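Open your viewer and follow along.

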Amino acid sequence: MRNFKQIIRVICVLAAAFTVFFVLDYVLYPCTFTRNDVHAVTTRQYDDIYLGTSHGKMDIDPEVMESVSQRNGHNLCVGGEYSEDAYYLARLILEKGFKPSRIIYEVSPGYYTSEKEEGNNYLLFYHEFPMSLSKLSYFWNSVRSCNFRTMFFPWYEYPLSYELENLGSTIRKKWTRDYGVGDLKSDTQEYHESGFVERYPVDTDSLEMAELSEFHTEAVSERNMSYLTRLIQLCKDNGIEFIALVTPMPEETLAEYGESFAEAYQYFGEYFAAQDVRYINFNSDQLYPAFSHELTAYTDYDGHLNGEAAREFSVILAQVLDNTYEIPLSEPAETERVPAG
């Protein structure tokens, strides 16, 4: 009897603890645009799903793409999205009964020579997953290995002042299941319902080139590549066309890190060829003339386009994907550029 009472006490303590964790998570974890993204792709059928990093998020406007190709789509890219995140997002979409005809995956080479950072990157997507087998698998294979604070106190990396300031809005949006985008806007960018994040133009004369992590084949993560292979196989198994994409970069960045980009593009070019995957690289010799590499089209040297340039790029991308774009003849470059394959 004494043992039974002790078990009951333990169960009650655990239940109380999890109740507290749930309440704090409900009121303090903010409503991010990732919440909107996951909700969109698990409640609606799309022709195209875009996966990848911040380059895809800020360079691809699905609404513009649809105006050209008549294919609707949603942009699920975001900074911090590694191949394992992309894989589980695709699994979740399929589990919820939706199947896009294409997945366009934006490839940023640096995400294959680095590992996920501790903190909310582990929860950015997982936190928004509805209960599902995909979420359980995601937790077991990825999230459980992160810092315990991330699992039990997912709000801990957000400033308390921000959480308290938005407390009423957070509770209201979650309680009413409000997925409006009106408050997902700042002085530098705004989120669109299509998943596209529009960055406002900046004074490019004042930009400084940040140091980028250079790509070396020997530093490629086997784990990250294995999830990319699993994602491609998942698409093949479900009759989904998988397309790999490299978005354009400023010419100054390509020149500064020419050897690194050349090695990365060769590595992924050979990999995707072996996987029998279409590989579209806007920094390659063939597609370099298709879109501007002048810094004025970007908001930084890292390659994030401003909103107007992103819309122009999306028109060209839609045409390239549908094989209707006529690539202009390349003029001799004033500066040497990377031989990107």
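Show the surface first. The accessible surface of the protein comes to about 16900 Å² (Shrake-Rupley method, 1.4 Å probe). Carbon and sulfur atoms hold 53% of that surface. This is a predicted model: local features need pLDDT of at least 70, side-chain atom pairs count only at pLDDT 80 or more, and totals for chains, interfaces and linings use all residues. Residues are numbered from 1 along each chain as its sequence is written, and side-chain values use heavy atoms, with hydrogens and water left out.

Next, select residues 33–41, helix α2. Seven of its nine residues are buried, so α2 is largely enclosed by the rest of the structure. Among the buried ones are Arg 35, Asp 37 and Val 38. What covers them? The cover includes β1 (48–51), α3 (54–59) and α9 (167–175).

Now select α5 (83–95) and α6 (133–141). Their axes, lines fitted to C-alpha atoms over the stretch in contact, come within 9 Å and cross at roughly 160°, on a scale from 0 to 180 degrees between N-to-C directions. That makes α5 roughly antiparallel to α6 (over 145 degrees).

Show side chains. The contact (heavy atoms within 4.5 Å) includes Tyr 88 and Leu 92 of α5. On α6, look for Leu 133 and Tyr 138, among others.

Technical notes:
Helices (H or I, at least four residues) and strands (E, at least two) are DSSP runs, numbered from the N terminus. Angles under 35 degrees count as roughly parallel, over 145 as roughly antiparallel, 65 to 115 as roughly perpendicular and the rest as oblique. Buried means under 20% relative accessible area, exposed over 50%, partly exposed in between (1.4 Å probe, protein chains only).
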